[in-house]
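Here are a few friendly notes to read alongside the model.

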Protein chains: 2
Amino acid sequence: MADHMLQEIQEQPDVLQRILDTEWEAVLAAASVLRERDVRYVVVAARGTSDNAAVYAKYLFEVLLGMPVSPASPSVFTLYESEMKLRNALVIGISQSGESTDVLEPVRRAGNTAAGTLAITNDETSSMAQAAEFHFCLRAGEEKSVAATKTYTAQLLLLYLLALALGGAEELDEPIKRLPDQARRVLRTGWEGTARYRYADHLVVVSRGFNLATAKEAALKLMETSYVVAEGFSGADLSHGPIAMIGQDFPVVFIVPPGKVYRDIKALVEELGDRGAELVIISEDKDLASRAAAKFLIDGSGPEELSPILYVLPMQLLARELSLLKGLNPDAPRGLSKVTETW
Amino acid sequence: MADHMLQEIQEQPDVLQRILDTEWEAVLAAASVLRERDVRYVVVAARGTSDNAAVYAKYLFEVLLGMPVSPASPSVFTLYESEMKLRNALVIGISQSGESTDVLEPVRRAGNTAAGTLAITNDETSSMAQAAEFHFCLRAGEEKSVAATKTYTAQLLLLYLLALALGGAEELDEPIKRLPDQARRVLRTGWEGTARYRYADHLVVVSRGFNLATAKEAALKLMETSYVVAEGFSGADLSHGPIAMIGQDFPVVFIVPPGKVYRDIKALVEELGDRGAELVIISEDKDLASRAAAKFLIDGSGPEELSPILYVLPMQLLARELSLLKGLNPDAPRGLSKVTETW
C-alpha cells in the first residue's frame, strides 16, 4: 500500500473538482456581503503550510484587487496582546484543522471590530469555523499525512475563488474549470534525474510573484519529509544577498511558470547556470529545462495566477521521493504531529 | 588594517548616538503631520537587509500602535503594476542607497494617493529621499562593506523613534539614551567557542517577536559572508514543520532576549537540546547559556522592543568570524555589489 502522502497527492484533482462543484456558491454568498462593506485591506493569519497559502493570498488580493495584505504575526495577538485597528480589514484565518490556537486567536479577537472574518479549514465543526463570520470548507477529506498536500492546493483554490468573486465574477471561468484535469495530467508526469540528490543536504528553491508561495511551500515540504535544509526565495530576494552562497554544484530548484515573471527567472537560471550551480527546473519551456540536471515538464498551465496550484505538485512528489531515497518515512516526520499546539 | 565589515560594526555606537543627536527633531516633525492624518495601516517596501528592518517595523507598529503592517512585494508594483488602495496607508521605503528601483517604485507610485510617504536612506540626495514626502537620514557615513551592518541598526533606531513619536512621545526616554553605551558594551564582549563552526555548512537561527528580525538578519549575514546555508525562523514557525530537519548535532543559534518571548524560546532551547542539537545561545541568562556549545552573553539590554538593536551585534561579529575562519573575505561576497539593480 502506498504511503498516505502519495495517496493524498494523487487525490488532489478530485479535491479541486469537489471544491468547484460544491463551494462556489458559499464563496459567492460571502463575497456579495463583503462587497457591500468598506474593506480596504486584508489580514491573513496562518502557520506552516497554510502560511504559504497566505503568501499566495497576498499576491492575489494585491494584484487582482489592489488590497494590501498584512500577514498576521500571531504573537502580536497572543503574546503582546495588541489591539489592532481592523475596522476596514477582512481578517482571514487559514488552518487545516481550524484548531491551531495561534491562528484561531487573531480571528477570534478580530471578532466584531473587523469588516469581516473568514475561516478556511477542513472541518466545518472546528473552533475557527465557529468563530468566524464566514467559513469555506476545504472538502479534502481526512488528511492523514503530517506533511499537508491536498489541503494546501484546496486552500489556494478557495482563495482564488474568493478573489474572483470579490472582483465581481459571477461564473467560474474556463481556466478554472480546466484545473482538475490539468492537475491530473501533471500528476501523470514524472521527474527525470532525481536519484542524484540522495546525498544532497541543502538546496534553495527559487521563483517569483504568485509562485513565491510555491517556492516556500516546496522548501517546507523538503524540510519536513526529507530533512534537507531548504529555503524558498523570490529571485529578487535571492539577488539581494543570499545568492553569494550559491557556488559550483549548489542545487537550485527553479519554478518557472509562464507569465510576467518568466523573463526574470529565466535570466537568473542562466546566471546561476553559468556559475556552475546544479539546476533543477520545473517549467513548460523544454529548451530552458534542457539545461537542467533534473527536470519536470509541465504540459500547459493556463494563467499565471492559477499556476501555483499546478507547479507545487512536482515539488510535493520530489519531497516524497527524496524522503524515500534517504530511507525516511514521509508519513512520519521527526517531532511533528498533525495539529501543532500553541505557540 | 581591519576589514571594512569589522570597522563598520565597531562604528555602530557612534552612529546610534548621532541619530539621537540629530534626527529626533525630523522624526517629531514628520510624526506631528502624520498624526493629523487618517493613517490606519502601514506598507513597507524594502529588500535584503532593509527588509529585515521591515520585519522589525511590523512588530513595532502592530504592537505599539495597533497598525497592521503589510510588507510590499515590489513585483506587485513593478511587474504586475497593481493599483493599490493606499488612501489610509503610510508607505515607508527603506534602502541604504535610496536607489534600488524595486523599493523606489512603490514609494513613487504611492505618491499622492497614500496618507503619507517616508523614505529612510543613508543619502539625502538619493532618488527615494527626493520622491518621498518625508526623509529620515541614517547618518551612518559611507558604508563600504557589501554586507550592511551599521545602516541596519540605524534603520531599526529610526523606525523605533518614529513609532515612539507616532505614539505621542515628545522626549527621548532613558532606555533609548542608554542604547549607544549598551551597544559599546556588547561590542567589547566576544564569542566563546566559535572555531568549531569552521566546517559547518548549514544552521538555523531562532528567535521570536521583535527579534524575528534579528534571526532573519543573522541568517542573511551568514549567507552573504560565510556562505553557510542559514535560515531564520520564529520558534513558532520552526515548530510548524521545519523542526523535523533538526536532529543530532544540527547547529541552532538561539537569540533569547528578556521579555514576553523569553519563556517560549527557552522551552524550545530545552526541547532541541534534549534532542541533541548543537546549541548556540545569545542571552543575558547565564544559566541558559551554560547549555550552549558556543555562547555570547549580553550584559543588560533594556526593553524587549529595543533589544533587536543590541542582539544583532553578536551575529554580525559571528558572520564575519566565520567568513575569516573559512578563508573568505567578508568584504567581498561572491556575486554581490553594494547597490542591487532592479528586479
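1. In what order do the five strands of the open sheet in chain B stand? The order is β7-β6-β8-β9-β10, and the pairing is parallel. At the edges are β7 (229–234) and β10 (294–297) of chain B, each with a single partner strand, so one side of each has no neighbour in the sheet. From one strand to the next, the twist averages 15 degrees. Two strands count as paired if DSSP finds at least two bridges between them; helices (H or I, at least four residues) and strands (E, at least two) are DSSP runs numbered from the N terminus.

2. A word on conventions: this is a predicted model, in which local features need pLDDT of at least 70 and side-chain atom pairs count only at pLDDT 80 or more, while totals for chains, interfaces and linings use all residues. Residues are numbered from 1 along each chain as its sequence is written, chains are lettered from A and ligands numbered from 1 in the order in which they are written, and side-chain values use heavy atoms, leaving out hydrogens and water.

3. Helix α10 (residues 212–226) of chain B lies across β6, β7 and β8 (251–256) of chain B, at about 175 degrees to β7(B). Axes are lines fitted to C-alpha atoms, for helices over the stretch in contact (heavy atoms within 4.5 Å), and angles run from 0 to 180 degrees between N-to-C directions.

4. Do look at helix α12 (residues 262–274) of chain B. Its buried residues (under 20% relative accessible area, with exposed over 50% and partly exposed in between; 1.4 Å probe, protein chains only) include B:Ile265, B:Leu268 and B:Leu272. The buried residues of α12(B) pack against β6, α11 (235–239), β8, β9 (278–283) and α13 (286–289) of chain B. After α12(B) comes B:Gly276, with a positive phi near 90 degrees.

5. Over in chain A, how many of the six residues of strand β8 (residues 251–256) are buried? Six of the six are, so β8(A) is largely enclosed by the rest of the structure. A:Pro251, A:Val253 and A:Ile255 cover one side, with A:Val252, A:Phe254 and A:Val256 on the other.

6. β8(A) runs parallel to β6 (residues 202–207) of chain A, joined by three bridges, and A:Val204 stands opposite A:Val252.
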